[in-house]
Structures are given as C-alpha cells and as structure tokens.
Amino acid sequence: MEIEYKRKRTLNHRAERACGYRSNLLMMDIKYDFKANPFKEKDGKPVLYPAVVVKETITTDHIVKELSKHSAYSAGCVVGVLQEVADMVVSHLRQGKNVRLDGLGTFSLALSSREVTDRKEIRAASVRIKKVNFRPVPELVKRVRQETDILRAEFGFLPTVKKRSKEERWTLLEAYLKEHGSITRLVYSEWLGVARTTAAYELKAWYEEKRLDKEGKHSHAVYVLRKQEGIAEV
C-alpha cells in the first residue's frame with residue numbers, strides 16, 4: 001500500500017511539472033439559503049432545508065481558459081484532451097464498465113424497464129438506459145468541505161426572476177437601489193440568480209439607456225440610480 005501511494009504521488013508530481021501548474025486551492029465560500037420541502041411538514045409548516053445559491057455554471061470553455069492560462073498546454077490541446085476523456089468514458093460505459101477518475105469519482109449506468117415479477121415477462125428490447133450515475137470519491141467531498149466556508153446568502157433565492165420581462169427586472173432593481181443606494185455586478189448576479197455575464201450585460205444596457213450612473217470600470221463598477229428626472233421609457 002505504501003509503495004502504491006508513493007507511486008501515485010510521484011506520477012501526480014510529474015504531471016504537475018509537465019503542465020507547469022500545481023493546484024493551489026485557497027479558502028473559498030459558498031452562499032446558501034433555505035427552501036421548503038413540499039412533501040414534509042412539521043407543526044403544519046413545510047420543513048426547510050439548506051441549498052446552495054448557485055452563482056453561475058462553469059462551462060468547458062471556462063475550464064479550458066483556466067487550464068491553458070496556468071499550464072504549458074494550449075487551449076486547443078486542453079480541449080482535445082477533455083474531449084478524448086469524454087469519448088473514452090462513453091466508450092467504456094457502452095461496454096458495460098464503470099469508469100473511475102481519481103480525484104473525481106465513478107461513472108456508471110442505470111437501467112429501467114416496466115415493473116415485472118417474472119424475468120421471463122420482459123425482453124432485452126424493453127430494457128433501456130435510464131441515466132448515467134456519478135458517485136464522487138470520498139476524497140473529493142472531503143476536499144470541498146475542508147476548503148470551503150459556508151455563508152448565509154444576503155438575498156437568497158428568486159426562482160421566478162429569470163421568467164420576468166426586462167421592465168419587471170428594472171422595477172426590482174429600481175426598488176433595490178432606492179433602498180440600498182448602489183449595486184455591483186456581483187451583487188446583482190447573486191441577488192437575481194443569473195450569471196455574472198448576464199448581470200454585466202443588463203447593468204451596462206441600463207447605463208447606456210441613461211437609467212443608471214456608474215463609478216469605476218469593469219467588474220469594479222458600482223451602479224446607482226441616475227438623478228436626472230424625466231427619463232424616457234425604453
């Protein structure tokens with residue numbers, strides 16, 4: 001066991017040197033709020049459970065840019081490797097194998113069919129692949145727990161806000177600014193539960209429509225209501 005452990009550490013260090021990058025994770029934080037469980041009650045009220053207020057969904061493009069920035073590999077090389085890994089996972093799953101990626105977890109298939117009590121009642125053609133399961137390795141869960149602070153979200157969930165029109169979003173923002181005075185792209189993103197790119201786009205649009213004023217540039221910009229009266233509706 002000790003020899004195998006040392007061998008894995010050596011391989012990991014070689015890979016890190018080859019990439020020119022070694023993961024150096026800092027303490028980070030996640031925000032949470034409570035949701036109601038509609039199927040469970042206590043004293044006549046729905047039981048609440050904590051859930052992560054997701055800031056945004058990181059895509060492959062984001063991962064590729066980060067890896068290529070902190071390693072000796074080009075973006076094209078990283079894309080190629082990630083695609084090859086995905087293709088190999090699919091290939092092995094189709095052969096009836098589970099796929100375990102060290103540091104991440106295990107992929108496996110789940111099947112489904114109609115309910116039967118006798119094996120002879122159903123044929124292979126009626127059995128379907130239901131989904132691909134992913135079970136994280138304990139190490140992954142442990143690392144996330146140890147390197148993450150958990151904080152209560154200031155604004156919580158606004159689950160229906162994405163379905164609202166632009167003017168409805170503006171009404172929400174206007175009321176917020178009248179109460180709090182200013183807002184940043186990050187706060188807007190967390191408050192409305194939208195990606196930071198979406199937050200930046202909408203705040204910029206309202207600034208260009210002369211509904212907002214701003215101080216600072218880019219991600220450091222702070223937006224406030226424009227003091228000028230009689231702004232035309234767009």
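This is a predicted model: local features need pLDDT of at least 70, side-chain atom pairs count only at pLDDT 80 or more; totals for chains, interfaces and linings use all residues.
**Entry: salt bridges**

I counted 6 salt bridges in the model. I then went through individual pairs.

I looked up arginine 152 and found its side chain in a salt bridge with that of aspartate 33, at 3.1 Å from N to O. Arginine 152 belongs to strand 6 and aspartate 33 to strand 1, so this pair ties together parts that are 119 residues apart in sequence. I checked the accessibility of both partners. Aspartate 33, at 13% relative accessibility, counts as buried.

I turned next to glutamate 202, which forms a salt bridge with arginine 169; the closest N and O atoms are 2.9 Å apart. Here glutamate 202 lies in helix 7 and arginine 169 in helix 5, so the pair ties together parts that are 33 residues apart in sequence. Are these two residues buried or exposed? I found glutamate 202 buried, with a relative accessible area of 14%, and arginine 169 buried at 9% relative accessibility. Both assignments follow because buried means under 20% relative accessible area.

I also recorded the salt bridge of arginine 226 with aspartate 213, in which the closest N and O atoms are 2.7 Å apart. Arginine 226 lies in the segment after strand 9 and aspartate 213 in strand 8, so parts that are 13 residues apart in sequence are tied together. I noted arginine 226 as partly exposed at 24% relative accessibility, and aspartate 213 as partly exposed with a relative accessible area of 27%.

I traced an open sheet of 3 strands with the order 2-1-6 and mixed pairing. Its edge strands are strand 2 (45-52) and strand 6 (148-152), each of which pairs on one side only. On average, neighbouring strands of this sheet are turned by 40 degrees against each other, direction ignored.

I followed strand 1 (residues 28-42) along strand 2: the two pair in the antiparallel sense over 8 bridges. Which residue of strand 2 stands opposite lysine 35? I found tyrosine 49 in that position.

I found strand 3 (residues 99-101) joined to strand 4 (residues 105-112) by 3 bridges, with the strands running antiparallel. Leucine 101 stands opposite glycine 105 of strand 4. The hairpin of these strands has 3 residues between them, and glycine 103 takes a positive phi near 85 degrees.

Strand 4 also pairs with strand 5 (residues 128-136), in the antiparallel sense and over 8 bridges. I located leucine 111 in strand 4, opposite isoleucine 129 in strand 5. At 57% relative accessibility, leucine 111 counts as exposed.

I then asked which residues make the nonpolar surface patch of about 430 Å². The patch is made by Leu109, Leu111, Val127, Ile129 and Val132. Strand 4 and strand 5 are the elements that give two or more residues to this patch.

**Entry: strands 7, 8 and 9**

I traced another open sheet of 3 strands, with the order 7-9-8 and antiparallel pairing. Strand 7 and strand 8 (212-215) stand at the edges with a single partner strand each, so one side of each is left without a neighbour in the sheet. Strand 7 is joined to strand 9 (residues 222-225) by 2 bridges, and the bridge partner of isoleucine 183 in strand 9 is tyrosine 223.

I found helix 5 lying across strand 7, strand 8 and strand 9, at about 90 degrees to strand 9.

I inspected glutamate 215 in strand 8. Glutamate 215 is exposed, with a relative accessible area of 61%. Leaving out residues up to four places away in sequence, glutamate 215 touches His220, Ala221 and Val222.

**Entry: helix 6**

Which residues of helix 6 (residues 185-192) are buried? I listed Tyr188, Ser189, Glu190, Trp191 and Leu192. The buried residues of helix 6 pack against strand 1, helix 5 (166-180), strand 7 (183-184) and helix 7 (196-208).

Key. Residues are numbered from 1 along each chain as its sequence is written. Side-chain values use heavy atoms; hydrogens and water are left out. Two strands pair if DSSP finds at least two bridges between them. Helices (H or I, at least four residues) and strands (E, at least two) are DSSP runs, numbered from the N terminus. Axes are lines fitted to C-alpha atoms, for helices over the stretch in contact, and angles run from 0 to 180 degrees between N-to-C directions. Buried means under 20% relative accessible area, exposed over 50%, partly exposed in between (1.4 Å probe, protein chains only). Contact means heavy atoms within 4.5 Å. Patches are made of residues with over 30% relative accessible area and no salt bridge: like charges are joined within 9 Å, nonpolar side chains (Val, Leu, Ile, Met, Phe, Trp, Tyr) within 5 Å. Accessible areas come from the Shrake-Rupley method with a 1.4 Å probe; for residues, only the protein chains shown count as cover. A salt bridge is a side-chain nitrogen of Lys or Arg within 4 Å of a carboxyl oxygen of Asp or Glu.
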